[in-house]
Amino acid sequence: MPRVALVGIPIIHIDGHIINGPSCVPRATDKLRKDLEQMLIQETSGVTIVDLGEITNHPNEKVYWNAPDFDAFSLDVKSIAALNDINIVLVLGGDHSGALPFYNLPGLVVRADAHGDAYLPRTSSYQMVTGGNYMSYVEEKRLKSADEVWNAGVQVFDTHLHNKGVFGQNLTMKEILESKSMPYVGFLDIDPDVLSIKYGFPFLYHSISDLEVEDLVQLATKLNPKIIGFFGCVDTDNNGYQLIPPDIISAFSDVFKPICKAVGEVAIARSLGGPQVYTVTGH
């Protein structure tokens, strides 16, 4: 039976200030994963759900994160990708910097994001990884080449930065979906700020794009990735502190239900296509 795995990345800007960097908040995704499991059961049939818990090097304490921390749990990500009895992995994360370790995996990455998230110069000794600069590390550490990252929905550019703050290729949905030479896609990296404002999804930054949920569904079912990451599941309280709302799945069921259904379809399609063999390697 096709198997879907759930993984949480409990990283947020706990104090609401970018300057202090993202923090790990253990168990911040527990409720999200539980609600998502129930939604997957309701929206899919013939699929087994496996909750793999959270990826964190600090399971019992709130701590700030920096570049070495992200390097350290890249092997955990590779180990999850190497589970050949799992057809697809659905990742839920807070701050988008939690996507960084997934760029160590083989294959093309397709990003659906209103921002390029490469808002640092090409070379930097900056150690704080955030949702606004993690793609700079992808380039700087050569985790991917520019040809291995396809961006859809980017609307925010900075002309003062290298490549206007975008790493990889900027493509339209049509160009991605109608590509005649689609390479193997290992990771679909989604930030909900790419969605139209009509969905009312809470965003830390209010610069959003105009994609529809159906666009995300088409990306998932067309690309058949091993891992789909949904980052930016955050809101801010009245004091400007960032948090992961525990009821975000049920509150935005019009977003998550179609995605769950698509995840089930991809799991089935991948199970019929035979197992993908991954090799876990060191850094």
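This is a predicted model: local features need pLDDT of at least 70, side-chain atom pairs count only at pLDDT 80 or more; totals for chains, interfaces and linings use all residues.
At least two lining residues come from each of strand E10 (185-190), helix H6 (213-223) and helix H8 (253-272). Helix H6 provides the largest share of this lining, 3 residues.

The largest nonpolar core contains 54 residues, and the members that touch the most others are Val 110, Leu 216, Leu 219, Phe 230, Val 255 and Phe 256. Helix H8 contributes the largest share of this core, 8 residues. A second, separate core has 31 residues, among them Val 50, Tyr 103, Val 129 and Val 138. With residues up to four places away in sequence left out, Leu 219 is in contact with Val 110, Ala 112, Met 173, Ile 176, Leu 177, Leu 188 and Asn 224.

Over the whole structure, 12 salt bridges were found. One of them joins Asp 35 to Lys 31, with the closest N and O atoms 2.7 Å apart. Both residues lie in helix H1 (residues 30-43) and are separated by 4 residues, about one turn of the helix. Asp 35 counts as buried because its relative accessibility is 17%, under the 20% limit. Lys 31, at 34%, counts as partly exposed.

A further salt bridge pairs the side chains of Asp 51 and Arg 33 at 2.8 Å, N to O. Asp 51 is in strand E4 (residues 48-54) and Arg 33 in helix H1, so this pair ties together parts that are 18 residues apart in sequence. In this pair, Arg 33 is buried at 8% relative accessibility, whereas Asp 51 is partly exposed at 35%.

Lys 174 and Glu 178 form another salt bridge, in which the closest N and O atoms are 3.1 Å apart. Lys 174 is exposed, with a relative accessible area of 54%, while Glu 178 is partly exposed at 46%. Elsewhere, salt bridges with shared partners connect Arg 27, Asp 30, Arg 33, Asp 51 and Glu 54 in one network.

Methods:
Residues are numbered from 1 along each chain as its sequence is written. Side-chain values use heavy atoms; hydrogens and water are left out. A nonpolar core is a set of buried Ala, Val, Leu, Ile, Met, Phe, Trp, Tyr and Cys residues joined through side-chain atoms within 4.5 Å. Buried means under 20% relative accessible area, exposed over 50%, partly exposed in between (1.4 Å probe, protein chains only). Contact means heavy atoms within 4.5 Å. A salt bridge is a side-chain nitrogen of Lys or Arg within 4 Å of a carboxyl oxygen of Asp or Glu.
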